[in-house]
Amino acid sequence: MSVKRNRRKQTQSLQERLAAFAESARERARSLPPGREREMLLQRAKQNEITSNLTDWLSAPVFPRRGAS
């Protein structure tokens, strides 16, 4: 018996989902006192922003190198 994969059509782009998660994590962190949970939320928000930036960079059009024929 094979297991059926749970496939879902994404309605938002990856960048939008990462930005939304980062914003919600920062919002939750603001309501927490200083401590481990707050630091983890802020770290995950920062990681999501970096991932979004890298995804933008990797999907940017490639320009030909100078001197390349």
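1. Is Arg-28 buried, partly exposed or exposed? Keep in mind that we're looking at a predicted model here. Arg-28 sits in helix α1 and comes out as partly exposed, because its relative accessibility is 43%, and the buried class needs a value under 20%.

2. Staying with Arg-28 for a moment: leaving aside residues up to four places away in sequence, Arg-28 touches Phe-21 and Leu-41. Leu-41 is one of the buried residues of α2. There's also a C-alpha pair to look at, with Arg-28 and Arg-38 separated by 8.0 Å although they are ten residues apart along the chain.

3. Now for α2 itself. The helix covers residues 36-59, 24 residues in total. From first C-alpha to last it reaches 34 Å, close to the 34 Å you'd expect at 1.5 Å a residue.

4. On the buried side of α2 you'll find Leu-41, Ala-45, Asn-48, Ser-52 and Thr-55. Their cover includes α1, residues 14-30. If you want the reason for that kind of spacing, residues three or four places apart point the same way, because an α-helix has 3.6 residues a turn.

5. Next, the salt bridges. A search of the whole structure turns up two. As background, side chains of opposite charge can pair when their charged atoms come close.

6. One of the pairs is Glu-49 with Arg-26, where the closest N and O atoms are 2.9 Å apart. Glu-49 belongs to helix α2 and Arg-26 to helix α1, so this bridge ties together parts that are 23 residues apart in sequence. Both partners count as partly exposed: Glu-49 has 35% relative accessibility, and Arg-26 has 25%.

7. The other pair is Glu-27 with Arg-30, at 2.6 Å from N to O. These two are three residues apart in helix α1, which means about one helical turn separates them. Glu-27 is partly exposed at 46% relative accessible area, while Arg-30 is exposed at 52%.

8. Last point, and one to look at on the surface: which residues form a nonpolar patch there? Ile-50, Leu-54, Trp-57 and Leu-58 do, with about 480 Å² of accessible area together. Trp-57 has its place in helix α2 and is classed as exposed because its relative accessible area is 63%, and the exposed class starts over 50%.

Notes
Residues are numbered from 1 along each chain as its sequence is written. This is a predicted model: local features need pLDDT of at least 70, side-chain atom pairs count only at pLDDT 80 or more; totals for chains, interfaces and linings use all residues. Side-chain values use heavy atoms; hydrogens and water are left out. Helices (H or I, at least four residues) and strands (E, at least two) are DSSP runs, numbered from the N terminus. The expected span of a helix is 1.5 Å times one less than its number of residues. Buried means under 20% relative accessible area, exposed over 50%, partly exposed in between (1.4 Å probe, protein chains only). Contact means heavy atoms within 4.5 Å. Patches are made of residues with over 30% relative accessible area and no salt bridge: like charges are joined within 9 Å, nonpolar side chains (Val, Leu, Ile, Met, Phe, Trp, Tyr) within 5 Å. Accessible areas come from the Shrake-Rupley method with a 1.4 Å probe; for residues, only the protein chains shown count as cover. A salt bridge is a side-chain nitrogen of Lys or Arg within 4 Å of a carboxyl oxygen of Asp or Glu.
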